[in-house]
Amino acid sequence: CSPVCVPGSVIQHSARFPYYCIIFHLFYIFYAAYVNSCQLVLKHRTSVSMNFFRGVITGQATGPQPTGAETIQKLCDRVASSTLLEDRRDAVRALKSLSKKYRMEVGTQAMDHLINILQTDRSDSEILGYALDTLYNIICNDEEEEQDESEDENAQKQTDDLGAQFTEKFIQDPEHITLLLTLLEEFDFHVRWPGVKLLTALLKNQGVQVQGIVLVSPMGVSRLMDLLADSREVIRNDGLLLLQQLTKGNAAIQKIVAFENAFERLLEIISDEGCSDGGIVVEDCLLLLLNLLKNNSSNQNFFKEGSYIQKMKPWFEVGDDNSGWSAQKVTNLHLMLQLVRVMVSPVNSPGATASCQKSMYQCGLLQQLCTILMATGVPADILTETINTVSEVIRGSQVNQDYFASVNAPSNPPRPAIVVLLMSMVNERQPFVLRCAVLYCFQCFLYRNQKGQGEIVSTLLPSTIDANSISAGQLLCGGLFSVDSLSNWCAAVALAHALQDNLTQKEQLLRVQLATSLGKPPVSLLQQCTNILSQGSKVQTRVGLLMLLCTWISNCPIAVTHFLHNQDNVPFLTAQISENLGEDERLVQGLCALLLGICIYYNDNSLENYTKEKLKQLIEKRIGKENFVEKLGFITKHELYSRAALKPQPIFPSPEQMLFDHEFTKLVKELEGVITKAVHKSSEEDKKEEEVKKTLEQHDNIVTQYKELIREQDAQIQELKEQVASMTTQTDQMQATISQQLSQIQQHKDQYNILKLKLGKDSQSQPSTQADGSQVNGLQTEELSQLREELEELRKQHTLLQTQVGDKDALIDSLKSAAQTSESSGGGSANTELLQELEALKSQVQSQLADINQLKTERQELLRRAEAGAADAAPSSDGTSDAIKELESRLSAQMSETERLKESQAGLEQQLASATSTVAILQTEKSKLQSELQESKKEQDDLLMLLADQDQKIHGLKQRLKDLGEPVEDEDDIDAREQTSDEEDEDED
């Protein structure tokens, strides 16, 4: 049954005429009874309509109004029981309108019905959109957060928890997330957009659980990546927000998104939106890129290998007009700079960082950043972030550091960028974060850059100071002795980085002299630092100076000697350590203990008054060893020490907390243990340790000598192996050529035999006519003369070859004898093998020559027979001339083969030359062995002489014993007795 539609005119007339009202009222009573009897599903709609018409007709409510929970319950019943799609759609629409006001009721009662709608009514996009919007309203906390401003904290916390509770209920069944991912494939805007918003809200509330479900869902991430290709900007932009939530803290999803071509799509969107001049969409793209790249080495490598770093350069082309910077542009450029820093962060692997730094320099990105750095009108926060970015791009890269050293500021006259930045660092009117950024940039410029360290220290030396220009050294000295404690600390740390792990510059800095006042002699920089310490300045100043002094004299005995040479330094340090001061002075006491410990550990005992032993005795008398170690431990126990040890970048919430430097924390960690051991060691242990060091040095020298000797022998062995390999290859080549020539000779033999048979038959079968015979005779005489000349040339060549072969035979015999002698002395097995191979080659060459001689004799016989046939038979046919031509061509081929044999013989000569060189080497080794044999013979002769002397002495002693009447048996008697006993034993057997 369908509801009856009542015209509006009837309602209007019913309000005016009571008769119509009574009839209309009775009609609706019967209609309600009819509906109940038919058990219609639309109970709620009918009751609402009846109440509405009753109110319109009577002008007042006929009963109590239903509560929100009751209304929602009735709507849920309609959604569950209605068979018509339109009724379910109207009910879901009503739930959507109530979901914001009655969030708790709709969430608890309608969520299962809404999920069922998503599963069953896939064909109707409108009802799907209503259901998704309703689920979004009850799960999302954003709208509630806007209304929570007027509520108390407890109510706000309760409403915030609603989203998490409903999200947890929704994701109890992972199939719900899979269903939602399937709905995102729908192109209809009313389905796709609310689906994206709902999944984003789920990720905000329960990110880890939803990420796990999406990760195991088939093609889950790929479906979400399709949102970036949607032509509707609303869906694309909300898709960016969805991917931001999806990629937070999940490396596996980050990798999948990256390999789904996310970098290419995001960079295209940024370019289309106008790069840094774009809107909020560019910001969302950059945030997503940061999620994909931060702390993900795989994605960083993929980003670099895909040449996406080169596509970042246009982002930083800000132009000359920097007057107007919108808030969105500042945000975008700030995120772009952070993206560059992610690729070259010090926490990345050194290899990956170096590769990215190289790419940034080659594509011109570093040059573009330096342009922004030196530009005017740039906002302070962008300038600060640019300085930090340039710092990490050049950190540890020599090429990038050299380029940065060559950058000049656009001033008149031009000044180096380093000088301009240092001017900002020591200027107390500059913002604190900017000064920290400049200090970080200076530290990164000097990190593993001994060339840059030397340039900075050279600006302090007297020979290089230019009075007409401001140098980095002058600015550092000015900041070091300024009245501003922060300038003192920054300058001290910057100068310490100029000395980090550079013994040469530590020694050079000892030459720096300062003019403190007129009429007084200059004072060294080292002495001036200790003078400021003794004056009792601020804690921050003293901490900076003590860090500078510890870095300066560590691992530099000359600097330790200069420091101890001043008689006031050691008493000042012991006084500072021994006093009981407040909490603020504990750090200063610890640094003084560290400085005094460095003076002990790196002391070369060149000053008699301050040797290692005397300084330890002074500590034991004035301070006490345990007290000294306790004060030394104040450094690492300080709360700011661990914070500074985390990252190289100096990040401090306030200037007062700027006390420790990252590199100095490494130095403390390295020296604390060794200083503690050095203080507790006795003089005997020190002596033993020095002796052990000396012996170790000696052993190291011996080991290095043996290593060098082994390297030389390895090189010689490698050369000999290469020579043997080359000779074996040459031998193989020669054998191959010889086998080819043997096959060719065999072919020629067969051809000659065939020709002999043909010529014999032709000479017997051809008639003899006088006229034709004279012509042929004339032709044959010319050809025979040519053949005779060729035979003469071949005979000459044959004799030359025989003489050369004889010479080589003699040479080979001599080599063979030398090789045999060297082989008998114990060496040269490899050379004998080579000589055997050469002998085999020689035999093959001789066999080839024999074959050639045989062929020549056969050719001469053929020529004689041809002449005899010409004189007797005088053949008239042209067959013999053709045969002779064939013979000539074969003879020419044989001559070419002879030339090849000559070339092979030349190769044999080269091999013989190399063999002679090896034989010479063997002969030298033989001479060495003979000399050693002569020495061993001399030693044997000496031993025989000693044995003979001993035998004489034994014989004389035996004779004396016999004279004295003692029974002494000779060796002959003993042997005879043993022989007789053996014979008796044999007889018994």
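Pro 414 sits in the loop that links strand S1 (408-409) to strand S2 (415-416). This is a predicted model, and its chain has 44 helices and 4 strands. Below is a quick tour, from that proline out to the chain as a whole.

**Around Pro 414**
- Is Pro 414 buried or exposed? Pro 414 counts as exposed because its relative accessibility is 55%, and the cut-off for exposed is over 50%.
- Leaving aside residues up to four places away in sequence, Pro 414 touches Asn 408 and Ala 409.

**Helix H32**
- Helix H32 covers residues 557-565, and its buried residues are Ala 559, Val 560, Thr 561, Phe 563 and Leu 564.

**Coiled-coil annotation**
- An unreviewed UniProt entry lists "coiled-coil region" for residues 703-737, 777-804 and 831-946.
- In the model, residues 703-737 are 100% helix and 0% strand.

**The chain overall**
- The chain has 989 residues, and 43% of them count as buried.
- Take the contacts with a separation of 6 or more: 73% of these come from residues 24 or more positions apart.
- The accessible surface of the chain is about 52700 Å², with 51% of that belonging to carbon and sulfur atoms.

Terms used: Residues numbered from 1 in each chain as written. Predicted model: local features only at pLDDT ≥ 70, side-chain atom pairs only at ≥ 80, totals over all residues. Heavy atoms only, no water. Helix = DSSP H or I, 4+ residues; strand = E, 2+ residues; numbered from the N terminus. Buried < 20%, exposed > 50% of the residue type's maximum accessible area, 1.4 Å probe, protein only. Contact = heavy atoms within 4.5 Å. Areas by Shrake-Rupley, 256 points an atom, 1.4 Å probe, with all protein chains shown as cover. UniProt positions renumbered as here; feature names shortened; annotations may be inferred.
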